[in-house]
Amino acid sequence: MTAELLALDRQIVLTERDGQQVLWHLSKGWEAPAGRLVAEVVAAFAVPRTRTSAEAAIAARVPALPSTAVAEVVDELRELGVLAPHEPQGIRTPTGRGGLFGAPVLTVQEALAGDVCDVAVVGMPYDVGVTNIGGTRLAPEFLRRTSGAVMQPSASAGGVWDPVSDRVLLEGVRIADLGDVQAVVFTRNGREVDALQDLVAALAAGGRLPVVLGGDHSITLPVVRALAGAHPRLGVLQIDAHSDLPETLPDGDWREHCHHGNFMGWVVFDERVEVVVRLGLRQLEAARPAGHPKLRTWPGRSAVEAGAEAVLADLPYDLAWHVTLDVDALDPSIIRSTGTPVAGGFAPAELATLLQGLCRRRHVVGIDVVELIPSADRVEGNIVCDLLARVMDAATGARGR
Ligand SMILES: [Mn+2]
């Protein structure tokens with residue numbers, strides 16, 4: 001099962017004793033010498049990743065190592081318990097209600113093994129992709145904490161009745177929360193970003209709808225790459241005050257250059273992405289940017305004014321769609337706590353109506369929500385969670401009903 005995520009036992013570290021590399025178990029105290037090969041494998045699994053991804057990373061670092069030797073060491077370390085299937089830490093909320101919208105917290109293995117969930121929530125507490133202020137790393141936990149006030153679908157039947165539409169939202173849709181991609185210290189465009197990509201790829205391959213809680217907006221790049229691997233004809237629906245495009249395209253090595261203000265350059269230039277539809281763009285720019293044939297743009301509030309029916313004409317129905325929701329698309333009088341607010345955005349209810357109209361009519365295969373910086377005020381969490389619940393309902397319409 002190549003999609004399985006493996007990780008180094010959290011109690012084991014790779015360190016040096018008298019010039020020798022050793023594995024050291026923090027609580028049990030044992031030490032074992034580690035040769036070059038073992039050290040490479042252990043380092044590769046310091047963040048959860050698939051065997052295929054680790055083997056490719058090692059091959060890129062040390063081309064001389066035969067892949068069969070690497071595979072043997074992975075097997076041995078797995079047998080010894082040094083490497084184990086990745087179990088994200090359970091999410092504990094102050095109310096003890098579990099994950100997003102009170103969803104059960106499952107391990108990745110549990111979520112993928114049986115027919116137990118339709119939607120898989122993943123947190124990416126990552127904000128080293130910002131160009132200004134941090135804080136979006138705290139959003140996954142904040143959204144989980146504030147989501148309970150919006151909706152607590154019952155575990156048995158699922159769904160909540162919506163007085164606005166007189167419908168049961170998310171009826172029969174089983175949501176699971178897999179916790180967060182974790183790292184002691186996140187590095188920009190580092191291995192944790194690969195881990196997110198691997199995880200989303202595994203969920204997409206398993207037919208689950210991934211809902212990723214960012215994080216800054218650069219986390220959308222690995223999400224799109226994972227979805228593009230599973231769905232050869234992908235469209236991206238970007239709801240954002242900014243284009244997040246670099247001035248010139250493409251912009252060199254993504255690991256070195258990619259951040260939350262330019263990641264869309266790599267999305268647009270990914271040949272597996274056919275169309276990128278942008279709603280809400282209104283950031284003033286030094287000059288009119290060069291266009292690109294993939295881009296279709298509804299700037300400012302024009303998409304709301306035109307309505308879903310008109311916007312749908314720009315979303316080819318035969319593509320699989322990823323919906324990336326930057327909360328700065330909402331007006332800054334409503335969402336104040338985001339890195340780069342711009343006046344003139346959407347109101348929550350009108351954006352919800354628009355996105356419901358779009359997502360119900362298209363095949364949505366991924367959702368992410370990014371750029372929220374938690375503040376002491378829970379209101380912004382409630383607003384974003386309400387919008388997310390309605391988008392998730394629209395996206396899962398075909399599954400649940
Ligand atoms: Mn953005």
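The model is a predicted one, in which local features need pLDDT of at least 70 and side-chain atom pairs count only at pLDDT 80 or more, while totals for chains, interfaces and linings use all residues. Residues are numbered from 1 along each chain as its sequence is written.

**View 1. Two domains and their contact.** An automatic or database domain assignment sets the bounds, giving domain 1 (5-85) and domain 2 (100-400). Their centres, taken over C-alpha atoms, are 34 Å apart. Seven residues of domain 1 and 10 residues of domain 2 make the contact (C-beta atoms, placed from the backbone, within 7 Å).

**View 2. An open sheet of three strands.** Here you can follow the antiparallel order S2-S3-S4. Strands are DSSP runs (E, at least two residues), numbered from the N terminus, and two of them pair if DSSP finds at least two bridges between them. Strand S2 (12-17) and strand S4 (31-33) are at the edges with a single partner strand each, so one side of each has no neighbour in the sheet.

**View 3. Strand S3 meets S4.** Three bridges link S3 (residues 20-25) to S4 in the antiparallel sense. Look for Leu-23, which stands opposite Ala-32 in S4.

**View 4. Strand S1 and its partners.** S1 (residues 5-8) runs antiparallel to S5 (residues 49-50), joined by two bridges; Leu-5 has Thr-50 as its bridge partner in S5. S1 also pairs with S6 (residues 83-85), again in the antiparallel sense, over three bridges. In that pairing, Leu-6 stands opposite Pro-85.

Conventions. Contact = placed C-beta atoms within 7 Å. Helix = DSSP H or I, 4+ residues; strand = E, 2+ residues; numbered from the N terminus.
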